[in-house]
Amino acid sequence: MRLKIIYDQRHSLHRDPYGRHPEDPRRVEEGLAALRASEAWGYIDLVNPPEPDYSAALMVHDEEYVDRIKRESSLGFHYIDPDTYVNEYTFEIASIFATAAREAALSSIASGEPYFIMSRPGGHHAGRRGRAMGAPTLGFCIFDYTSIAAKALFDNGYRVMILDIDAHHGNGSQEILWLEPRALHIDIHQTGIYPGTGGIWSIGGGVARGTKINIPLERGSGDSVYSWILSHVIEPARKIYEPDFLIVFAGFDAHMEDPLTGLEVTEDTYAMFGSYVGRLLERGEIAGSLSILGGGYGEGAITSFVAYVEAMLGIREQPVIGEEEPSPGVVSAIPGIMDLLRDAATRIK
Ligand SMILES: [Zn+2]
């Protein structure tokens, strides 16, 4: 297997000129440099994204919001809320990766090859009109690449599973896909931190009820809890739903060294998920996969990114991790949510 990594050095134009913001170009550059030093590099094709098609963002965002980002961006560097900055390049850069998300999803399902987009700024907190589900800010995010990729796929008749392993709840993606039964969205995140959404009974609405699965984790949760979730939630849900495609919102900020979060995850969890993606592809259980870079603000994010990619390519062995249950409230809710997912999956088959 080879992995196509979509990279555009113009991402580094989106930056805080004072170097104070954690969402910094070094996140991508250092990750890529570390990957170059790995054996995995021999199995990677670095690909340029297509030129931006400004309509990609309009697939999931209101025109008013997209226009606002364009206007704010034209004003140069400033904060559009207490967390989120833009500069004169932000609109173009975010549009490049929005377009790349759409194209990579379609290329991957056509070729069966996995893709990874080195996207910046972030995506999963941006809802249809900006701030999502009552969140106080956009949380560093501009356009939601995840739901753009998902929409490109289900508009072409495919069922999509989204696995959001960023330590924060993907409230933007979830708001956009809330009523959409053609996207199963599983989101694992730390509870009690930004954006404050993603409770266990936040499960989607209307015909999509049961297709949004949120796993809120207590501070200090580590690899063994993630391992339990993979075998008791993610894989059973996948078998019920039978998606054609897997999108991973690959945030590496669950790592124990991350300065913004309080989970106790190591590289092993990321290797476990990378290996999971690789195995699903190899067995033909999914027809394609796209990983989209999410958060990750410390050294651990770099080593976790490398572990994820190496394990997907089979260079790093699948780690052996014990299992530990998350909180009792989560464990006891799972069977009921799986029943609702089964109903929803039956309706769209
Ligand atoms: Zn995050």
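With a relative accessible area of 8%, Asp8 is buried (buried means under 20% relative accessible area, exposed over 50%, partly exposed in between, with a 1.4 Å probe and protein chains only). The model is predicted, so to speak of local features requires pLDDT of at least 70 and side-chain atom pairs count only at pLDDT 80 or more, while totals for chains, interfaces and linings use all residues. Residues are numbered from 1 along each chain as its sequence is written, and side-chain values use heavy atoms, with hydrogens and water left out.

Asp8 forms a salt bridge with Arg10, with 2.8 Å between the closest N and O atoms (a salt bridge is a side-chain nitrogen of Lys or Arg within 4 Å of a carboxyl oxygen of Asp or Glu). Arg10 is partly exposed at 24% relative accessibility. Arg10 also forms a salt bridge with Glu51, the closest N and O atoms being 3.2 Å apart. Glu51 is exposed, at a relative accessible area of 54%. Across the whole structure, the search finds 20 salt bridges.

Turning to the metal site, the zinc ion is coordinated at 1.9 to 2.8 Å by Asp166 (OD), Asp166 (OD), His168 (ND1) and Asp253 (OD). Donors here are N, O and S atoms within 2.8 Å of the metal (3.2 Å for Na, K and Ca), and sites may look incomplete because water is not among the atoms. The spacing of the donor residues in sequence is D-x1-H-x84-D. Asp166 is buried at 2% relative accessibility, and His168 is buried at 9% relative accessible area.
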